[in-house]
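Student: Could you take one part of this model and go through it closely? I would like to see how a single spot is described before the whole is discussed.

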Amino acid sequence: MSSVTPVRRRATTRRRAGLAGYLFVSGYAILLLAFGIFPTVYAFFLALTNDRGQFTGLNQFIKVAQDYRFAPAFLNISLYLVMWLLSVVVLTVVVAIVLRSRMRPRLSAIFRFLYYLPGALAGVASVLVWLFMLDPAVSPVSWLLRSLGFADFAAVLSPGDLPVILVLIAFWTGAGGWIVVMYGALNNIPDEVLEAARTDGAGPWKTAWHIQIPMIRKWIAYMAILAFAGGTQLFVEPQMLQTASLGRVSPTWSPNQLAYVYAFQHGDFNGAAAISIFLLALGLICAALLVTRSDLFKVDES
């Protein structure tokens, strides 16, 4: 009896721990089903049917793909994504490495806090701040804007410059949080490894390139996946800029805006759902490539 009781106690403890784990994730699972899985399934249903609920196969996808606004919208978002991903991946990693390696801890903490502050603003508020900054009539850097050839607000919001403006807004609001995350990932690198690199004669940049960056590559891949997913959903920023420019910016600049026009101006929710499925497929393909290339879910052997 004395040998059986400890075994039962351990089994009971494991069972309770398992139940606690299921209870802990149940809230997220319910929200995922309610606001992730079910809407996705419903979007597939809408994209494969018409407004009378009749199955139409791929007709909705063909219809939206043949829309003259479809290709420019996806071209715009592709250009934006290339610029956004390059800036957020390269600059956040570089800044995090500099903060971790070249600054004192207290000064580094101050800078990390300052970098994170813009992320506390909502997307609309961030756009309003940048509208103020980009208007040569009221901007505190109006001298810089005028020296670059922007005489008025309309010139700043020219369609060709819009991807750069949107990247600036996105980087200003989102990069600070990722700098904090990358800094935390760098803190997981043992000091013994860095000390060994210094002993072998590696300078700061060789250490960063050959040791720090490879050891946080999974975090970088994770950041790239989320940054890509967020970039494909671009809506608030170009919509606000379109309103502020009095129509100078296209109301279907991004695929999300095009889907919005389909749903709420044309009343075509089936076409809007087809566009959302295109965006979902784009995000899943990119995520799959990054996961397989970076071994994101591979468990390191100890």
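Tutor: Start with the side chain of Asn256, which has a polar atom 2.9 Å from the backbone oxygen of Gln233. That pair is a polar contact, meaning N or O atoms within 3.5 Å; within protein, one must be able to donate a hydrogen and the other to accept it, and residues adjacent in sequence count only if both atoms are side-chain atoms. This is a predicted model, in which local features need pLDDT of at least 70 and side-chain atom pairs count only at pLDDT 80 or more, while totals for chains, interfaces and linings use all residues. Residues are numbered from 1 along each chain as its sequence is written, and side-chain values use heavy atoms, with hydrogens and water left out.

Asn256 sits in helix H13; helices here are DSSP runs (H or I, at least four residues), as strands are (E, at least two), numbered from the N terminus. With a relative accessible area of 19%, Asn256 is buried. Buried means under 20% relative accessible area, exposed over 50%, and partly exposed in between (1.4 Å probe, protein chains only). Apart from neighbours within four places in sequence, Asn256 is in contact (heavy atoms within 4.5 Å) with Thr232, Gln233, Leu234, Phe235 and Leu279.

Gln257 also belongs to helix H13, which covers residues 255-264. Gln257 is buried, and its relative accessible area is 0%. The side chains of Gln257 and Gln239 are joined by a polar contact of 2.8 Å. Again setting aside neighbours within four places in sequence, the contacts of Gln257 are Phe235, Pro238, Gln239, Ser250, Pro251 and Thr252.

Now step back to the whole chain. The protein chain has 14 helices and zero strands. Its radius of gyration is 24 Å, well over the 19 Å that the globule rule gives for 302 residues, so the chain is more spread out than a compact globule. That radius is taken over C-alpha atoms, and the rule is 2.2 Å times the number of residues to the power 0.38. Along the principal axes, the C-alpha atoms fill a box of roughly 75 × 60 × 30 Å. Of the 302 residues, 36% count as buried. Among contacts between residues at least 6 apart in sequence, 67% join residues at least 24 apart.
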